[in-house]
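Work through the exercises below with the model open. Try each task before you read its solution.

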Amino acid sequence: MQVILAQPRGFCAGVVRAIEIVDRALVKHGAPVFVRHEIVHNKHVVEALRHKGARFVEELDEVPTGAVTIFSAHGVSRDVESDAKTRQLHSIDATCPLVIKVHTQGRQYAASGRTVILIGHAGHPEVEGTMGQIPGKVILVQSEAEVALLDLPTDTPVAYVTQTTLSVDDTRNIIAALSGRFANLVGPDTRDICYATQNRQSAVRELSKRVEVILVIGATNSSNSNRLREIGTESGVPSYLIADGSELNPEWVRGVEVVGITAGASAPEEMVKDVIATLRQLGPVDVSVMDGREEHAEFRLPAELADPSPRKRAAGTATAETAPQPDPQTAAG
Ligand code: 10E
Ligand code: SF4
């Protein structure tokens with residue numbers, strides 16, 4: 001059997017940063033450190049951090065007063081931020097900077113007097129966080145059909161922002177439906193869909209031209225991983241979302257000569273290796289990596305967890321807030 005690995009696949013810069021924040025907080029403050037929601041949507045990541053002393057909670061009322069509490073990479077609403085203050089928690093924000101960028105953009109649109117529409121999936125923590133970061137009423141739209149049902153005059157000044165992990169194609173269609181509906185519409189096009197999501201979607205589309213089956217490594221609650229599976233299926237290739245090798249059904253690959261593997265932005269590379277090891281139990285496997293985009297994005301850590309550079313350390317000042325941060329979308333290449 002030939003196995004082709006998508007490039008890029010797996011961890012994005014926001015996930016690397018979020019995990020690093022929990023690791024460093026544990027070293028700095030000692031266990032337990034509380035994390036609101038799964039730091040990223042992957043049980044292997046969560047279990048590894050739990051083992052080191054992280055405690056995962058869904059709501060802040062599960063956290064003792066004053067405890068160190070990390071907000072997950074998906075972001076939180078302003079209500080959650082102020083609740084943390086009321087409870088005197090020592091909060092550390094692991095929200096991905098690209099999600100924060102969407103929050104900021106949404107607030108600017110609201111401040112300019114526009115009705116803000118968020119394109120995203122109801123109930124997802126990023127959507128709840130983004131809606132709760134923008135003052136006033138934010139309207140959630142999940143599909144083209146929902147655009148048609150919007151109860152707003154067509155001359156309403158409207159702006160849209162999007163969840164960062166949506167399907168680029170679906171989102172383009174929803175934006176087209178919005179522009180057909182509203183004369184005065186502004187928004188970032190599909191640019192709110194982050195570089196990592198876009199790159200992994202392009203890669204799986206390429207992969208689908210060369211393989212008979214696609215295995216997407218990721219969690220069922222991971223939005224970006226689900227989108228990769230959907231794109232594989234829409235490209236005409238049977239595609240399956242699995243957490244690790246234990247979820248591989250041998251029937252899926254029986255008689256198959258070329259299998260494609262990709263991984264969502266929250267899925268560790270060890271799980272890709274685990275799936276390959278499971279395939280090897282079925283017969284000889286030859287692994288190659290497809291040509292693809294290199295990613296170099298790196299996000300700065302919060303100031304309180306960043307290492308001061310030797311120069312700044314000597315000068316007695318912190319660097320994390322003063323060092324210029326490249327635009328991650330362009331830095332990602
Ligand atoms: O469900 P999602 O894809 O949003 O999250 P994830 O934890 O699987 O992957 C990381 C993506 C984040 C934090 C959303 N921008
Ligand atoms: Fe950030 Fe994109 Fe990764 Fe989400 S998927 S954590 S927005 S880089």
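**Exercise 1.** Sort the shell around ligand 2 by class: how many residues are nonpolar, polar and charged?

Solution. The model is a predicted one. Start by listing the neighbours. Cys-12, Gly-14, Cys-96, Leu-98, Val-99, Thr-164, Cys-194 and Tyr-195 surround ligand 2. Next, assign classes. Cys, Leu, Val and Tyr count as nonpolar, while Gly is put with the polar residues. The shell then holds six nonpolar residues, two polar ones and no charged ones.

**Exercise 2.** Where does ligand 2 sit?

Solution. The structure has one cavity of 30 Å³ or more. The volume of the largest cavity is about 290 Å³. Its lining counts 23 residues, and Cys-12, Val-15, Thr-164, Thr-165 and Asn-224 are the closest to the centre. Now place the ligand: ligand 2 sits in this largest cavity.

**Exercise 3.** Which helices each supply at least two residues of the lining of the largest cavity?

Solution. Go along the chain. The helices are α1 (13–29), α4 (97–111), α8 (195–207) and α9 (223–234). Then pick out the top contributor. With three residues, α8 gives the largest share of the lining.

**Exercise 4.** Divide the residues of the lining of the largest cavity by class.

Solution. Eleven residues are nonpolar and eleven are polar. One is charged.

**Exercise 5.** Why does the largest cavity lie between domain 1 and domain 2?

Solution. Take the bounds: domain 1 spans 14–96 and domain 2 spans 98–190. Both domains give residues to the lining, so the largest cavity lies between them.

How values were computed: Residues numbered from 1 in each chain as written. Chains lettered and ligands numbered in written order. Predicted model: local features only at pLDDT ≥ 70, side-chain atom pairs only at ≥ 80, totals over all residues. Heavy atoms only, no water. 1 Å grid on protein atoms, 1.4 Å probe; cavity = no way out; pocket = protein on both sides within 12 Å on 5 of 7 lines; lining within 4 Å. Points joined across faces, edges and corners; volume = space filled by probe spheres on them. Helix = DSSP H or I, 4+ residues; strand = E, 2+ residues; numbered from the N terminus. Domains from an automatic or database assignment. Near = heavy atom within 4 Å. Sits in = over half its atoms within 2 Å of the grid points.
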